[in-house]
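Dear colleague,

Please find below the structure that I am handing over to you.

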Amino acid sequence: MILGSTRYCVVDEADTLMDGSWIEDTYGVAKLMTGLHHLVFVSATIPSEFNKTISKLFPKATAITTPSLHKLPKAIEFRVINASVAPYKGSKMKALAQALYAIHCDGTEMGYEKRVIVFVDNKADCEKVAEKLQTKYNNDVRYISSEDDIEQRKEKVKEFVEPPQLLEDPSKPTLKVLVCTDLLSRGLNFTGIRNVILLDVPKSSVDLVHRAGRTGRMNQSGRVFLIMNDQDKSHVRGLPKVIRNGRRLA
């Protein structure tokens with residue numbers, strides 16, 4: 001049997017594949033690899049529950065972590081936009097549209113098409129946000145839907161995972177927007193994405209690390225814009241200090 005003859009196995013995105021929804025399948029496959037010499041779990045984030053699970057199932061496991069674990073890369077510039085103040089007056093969509101317009105006109109990425117990834121919490125919001133950006137604000141938008149099959153999703157993200165394309169006319173900058181959920185915050189290597197916008201405040205520091213990590217990859221510079229309103233203040237009160245001082249996210 002193929003699994004029985006496997007000697008080395010690396011499990012990427014291990015914090016997800018060893019959580020409550022996946023652990024039965026993941027651990028079940030691992031047990032079939034009876035000839036394993038090394039089993040390696042890899043993850044950009046390590047929740048406390050993950051450590052407990054590994055210690056229980058693999059008590060002899062050796063942990064290897066980097067000092068930058070759960071820290072945002074220094075190459076990422078983090079900005080907070082308060083949608084509760086003028087001119088947005090509580091509208092996150094207005095703040096999002098203004099942020100996209102500012103990115104489009106800021107003179108960066110000269111000669112190349114610009115790409116922006118917008119993260120929302122709920123998959124049902126992807127279509128709503130994309131439709132409003134397109135119809136009301138005339139943005140070039142794609143969104144990931146639960147109804148898309150794998151080929152449709154590949155086609156939609158293709159322009160974002162590949163390097164930015166040269167413009168035929170550098171005097172006419174373009175901006176392409178992809179609206180998605182955490183589905184695309186893991187396992188995809190977005191190439192040369194310089195701007196990420198968080199329309200919803202991430203539910204945890206783990207989600208923040210993965211969403212923000214779509215930019216600033218391979219030591220490239222990047223910007224993350226977090227759009228908040230008065231209802232979000234309790235969730236992000238200490239965030240600017242954490243990011244400014246390079247502390248770990250709790």
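In which loop does Glu13 lie? The loop in question is the one between strand S1 (8-11) and helix H1 (14-17). Please bear in mind throughout that this is a predicted model.

Backbone

Glu13 deserves a mention for its backbone: its phi is near 50 degrees, which is a positive value in a residue other than glycine. As background, most residues other than glycine have a negative phi, and most peptide bonds are trans. A cis peptide bond is also present, joining Ala86 to Pro87, with an omega of about 5 degrees. Pro87 belongs to the loop that runs between strand S3 (76-82) and H4.

Helix packing

Two packed helices are described by the angle between their axes and the distance between the axes. Here, helix H4 (residues 92-105) packs with helix H5 (residues 123-135) at an angle of about 60 degrees, and their axes are 11 Å apart. H4 is therefore oblique to H5. The crossing of these two helices, H4 and H5, is right-handed. On the H4 side, the residues in the contact are Met93, Leu96 and Leu100, and they meet Val129, Lys132 and Leu133 of H5. Sorted by class, this contact of H4 with H5 has five nonpolar residues, no polar ones and one charged residue.

The largest pocket

Rolling a probe the size of a water molecule over the atoms shows where empty space is left. The volume of the largest pocket is about 1500 Å³. Its lining is made up of 43 residues, of which Val42, Ser43, Ala44, Ile46 and Leu69 are the closest to the pocket centre. Strand S2 (38-41), helix H3 (48-57) and helix H7 (205-212) are the elements that each give two or more residues to this lining. By class, the lining of the largest pocket comprises 20 nonpolar, 17 polar and six charged residues.

Yours sincerely,
A colleague

Terms used. Residues are numbered from 1 along each chain as its sequence is written. This is a predicted model: local features need pLDDT of at least 70, side-chain atom pairs count only at pLDDT 80 or more; totals for chains, interfaces and linings use all residues. Side-chain values use heavy atoms; hydrogens and water are left out. Axes are lines fitted to C-alpha atoms, for helices over the stretch in contact, and angles run from 0 to 180 degrees between N-to-C directions. Helices (H or I, at least four residues) and strands (E, at least two) are DSSP runs, numbered from the N terminus. Angles under 35 degrees count as roughly parallel, over 145 as roughly antiparallel, 65 to 115 as roughly perpendicular and the rest as oblique. A crossing is left-handed if the near helix is turned anticlockwise from the far one by less than a right angle, and right-handed if clockwise. Contact means heavy atoms within 4.5 Å. Ala, Val, Leu, Ile, Met, Phe, Trp, Tyr, Cys and Pro count as nonpolar, Asp, Glu, Lys and Arg as charged, and the others, Gly among them, as polar. On a 1 Å grid over the protein atoms alone, a cavity is a set of points where a 1.4 Å probe fits but cannot get out, and a pocket is an open set with protein on both sides within 12 Å along at least five of seven lines; lining residues have an atom within 4 Å of a point. Grid points are joined across faces, edges and corners, and a volume is the space filled by probe spheres set on the points.
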